[in-house]
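Reader: Could you put the model up, so that we can go through it together?

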Amino acid sequence: MVSFYSLYWALGLGLQAWGKTATKAVVLFGDSYTDQSRAHSISNGTFPGKNYQEVFPPADTAADGGVQWPWYLGLYGNYTIWNYAVGGAVCSNVLTPLFSVPDVIGGQTDWFIQDHISNNGTKHQKLDMDPSEFVVVIFIGTNDVGIHSFVTDDESPQVSLADLAGCQLQTIRNLYALGARRFIVNSLIPLQITRLYSNSSDPTIYFPTPHDGVAWNKRMFNFVHTMNALIRGGVAALSAEWRGTATVDVFDTYGFFEDMYNEPAKWFNGSIPANVTGHCHQCPDPNDFRQCGIGDCTLAERDSFMWWDELHPSEQTGRNLAREMWKKLTGASKY
Ligand SMILES: *[C@@H]1O[C@H](CO)[C@@H](O)[C@H](O)[C@H]1NC(C)=O
Ligand SMILES: *[C@@H]1O[C@H](CO)[C@@H](O)[C@H](O)[C@H]1NC(C)=O
Ligand SMILES: *[C@@H]1O[C@H](CO)[C@@H](O)[C@H](O)[C@H]1NC(C)=O
Ligand SMILES: *[C@@H]1O[C@H](CO)[C@@H](O)[C@H](O)[C@H]1NC(C)=O
Ligand SMILES: *[C@@H]1O[C@H](CO)[C@@H](O)[C@H](O)[C@H]1NC(C)=O
Ligand SMILES: *[C@@H]1O[C@H](CO)[C@@H](O)[C@H](O)[C@H]1NC(C)=O
């Protein structure tokens, strides 16, 4: 791969210079925890391609019930946001095929190539951004380990959690080969504290049949911790291998969510006391999605909730995440 930027690196203009270069853009890959509207565009028949324009409320709402966190990150840090996440996505459709929407290692990376690499596949391949001026954030894994996959024993007998973590690291290598040099991998959140993966066996809109909630809850705790240990180890190894020619770091989403959960009053500011166990959006009959919305919290109450629904963080949680990620990008976050 010959490009302007490989020459740049060959000249040894390393990371030391980066302290002075401001981050101008953030490129995100992921699932419904990050997607603004791509999944809805796909189901809408308006397939997102090159230069896709995201659709914001009121025309379309993200899975947090409003505006998704990357938009806030762009606002707080004055960054251009390239958000390639798709609701329902996994790291690899080969490993854990679920909804077959564009995956992080495949279709989402292809969108990045279409938007940012000219002469793809030739020796004149060129990245249209300065690698010191953009950061790649990968935030994936929730669906990979979730229902209709690992937690329900529906994964392929040939696939392990190590493969899922390996996919995230391989995606980073692929993007490195395309010229990206700064990476952040978000760890999985404590999924065991969501309603869907709580110890309750009651049906939910996402899984409207009885199940062994206590078992799911313990399995999910195990999956998330194992994934995060694998990711952490892999990132440390990659970082050592690159020895300063590129940076890769973990954002401790797990720890950050745990802290919000444990100190709700600090983070949630709607009109009622902070609520980190329930959720705003209600579906009174788990077998009838058309009733979803009946019994929702009010707009004024919304920012009191950590969760929008049984699985998704709320918009206020997203603002908190965006603020902390902004701190991370400016070197001032403990996560
Ligand atoms: C759904 O399709 C219409 C055009 O038919 C478009 O204007 C709208 O933005 C689409 N919604 C999403 C989320 O893409
Ligand atoms: C925001 O970023 C743009 C483009 O990078 C830059 O031109 C502008 O001066 C920045 N604004 C502020 C307030 O920093
Ligand atoms: C980029 O080029 C490679 C090699 O020719 C090809 O396999 C891939 O599909 C191309 N990707 C996109 C997004 O065009
Ligand atoms: C479920 O978890 C709650 C705390 O979150 C605990 O009080 C309760 O005893 C647990 N129930 C079962 C059946 O384990
Ligand atoms: C809560 O705080 C956020 C900033 O994190 C702010 O944008 C939002 O408007 C506040 N919500 C309410 C209901 O005051
Ligand atoms: C939290 O919200 C749920 C609604 O999902 C409600 O049932 C529950 O009582 C609330 N908990 C607290 C402590 O207010």
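Author: What follows is a walk through this predicted model, from the overall fold to single residues.

Reader: How many helices and strands are there in the protein chain?

Author: The protein chain contains nine helices and seven strands. Its radius of gyration is 20 Å, close to the 20 Å that the globule rule gives for 335 residues, so the chain is as compact as a globular protein of that length. The C-alpha trace spans about 60 × 45 × 40 Å along the principal axes.

Reader: And what share of the 335 residues is buried?

Author: Buried residues make up 45% of the chain. As for contacts with a separation of 6 or more, 73% of them are between residues 24 or more positions apart.

Reader: Let's take a helix. What is the span of α6?

Author: Helix α6 covers residues 161-177, which is 17 residues, and it reaches 25 Å from its first C-alpha to its last, close to the 24 Å expected at 1.5 Å a residue. After α6 comes G179, with a positive phi near 115°.

Reader: Which residues of α6 are buried, and what covers them?

Author: The buried ones are L164, A165, C167, Q168, L169, T171, I172 and L175. An α-helix has 3.6 residues a turn, so residues three or four places apart point the same way. The cover over the buried residues of α6 includes the helices α4 (104-116), α5 (142-145) and α7 (213-242), and also the strands β5 (134-139), β6 (182-186) and β7 (247-251).

Reader: You mention β6; is that strand mostly covered or mostly open?

Author: It is mostly covered, with five of its five residues buried. In a regular strand the side chains alternate between the two faces of the sheet. In β6, R182, I184 and N186 lie on one side and F183 and V185 on the other, and all of these are buried.

Reader: Which way do β5 and β7 run relative to β6?

Author: β5 and β6 run parallel and are joined by three bridges, with V136 standing opposite F183. β6 and β7 also run parallel, joined by five bridges, and there N186 stands opposite F251.

Reader: Switching to the ligands, what surrounds ligand 1?

Author: Ligand 1 is surrounded by S37, H40, S41, N44, T46, V55, A59 and D60. By class, that shell has two nonpolar, five polar and one charged residues.

Reader: And which residues are around ligand 6?

Author: Those are N275, T277, G278 and H279, a shell of four polar residues with no nonpolar and no charged ones.

Reader: Back to S41: where is F47, which is in contact with it?

Author: F47 sits in the loop between α2 (38-44) and α3 (69-77). Leaving aside neighbours within four places in sequence, F47 is in contact with S41 and I42. F47 counts as exposed because it has 10 C-beta neighbours inside 10 Å.

Reader: Where are N78 and N119, and are they buried or exposed?

Author: N78 is in the loop between α3 and β2 (80-83), with a positive phi near 55°, and it is exposed, having 10 other C-beta atoms within 10 Å. N119 is in the loop between β3 (117-118) and β4 (126-127), where its phi is positive, near 55°. N119 also counts as exposed, with 10 C-beta neighbours inside 10 Å.

Terms used: Residues numbered from 1 in each chain as written. Chains lettered and ligands numbered in written order. Predicted model: local features only at pLDDT ≥ 70, side-chain atom pairs only at ≥ 80, totals over all residues. Near = placed C-beta within 6 Å. Nonpolar A, V, L, I, M, F, W, Y, C, P; charged D, E, K, R; others polar. Helix = DSSP H or I, 4+ residues; strand = E, 2+ residues; numbered from the N terminus. Rg over C-alpha atoms; globule rule 2.2 N^0.38 Å. Buried ≥ 20, exposed ≤ 12 C-beta atoms within 10 Å, placed from the backbone. Contact = placed C-beta atoms within 7 Å. Expected span 1.5 Å × (residues − 1). Pairing = 2+ DSSP bridges.
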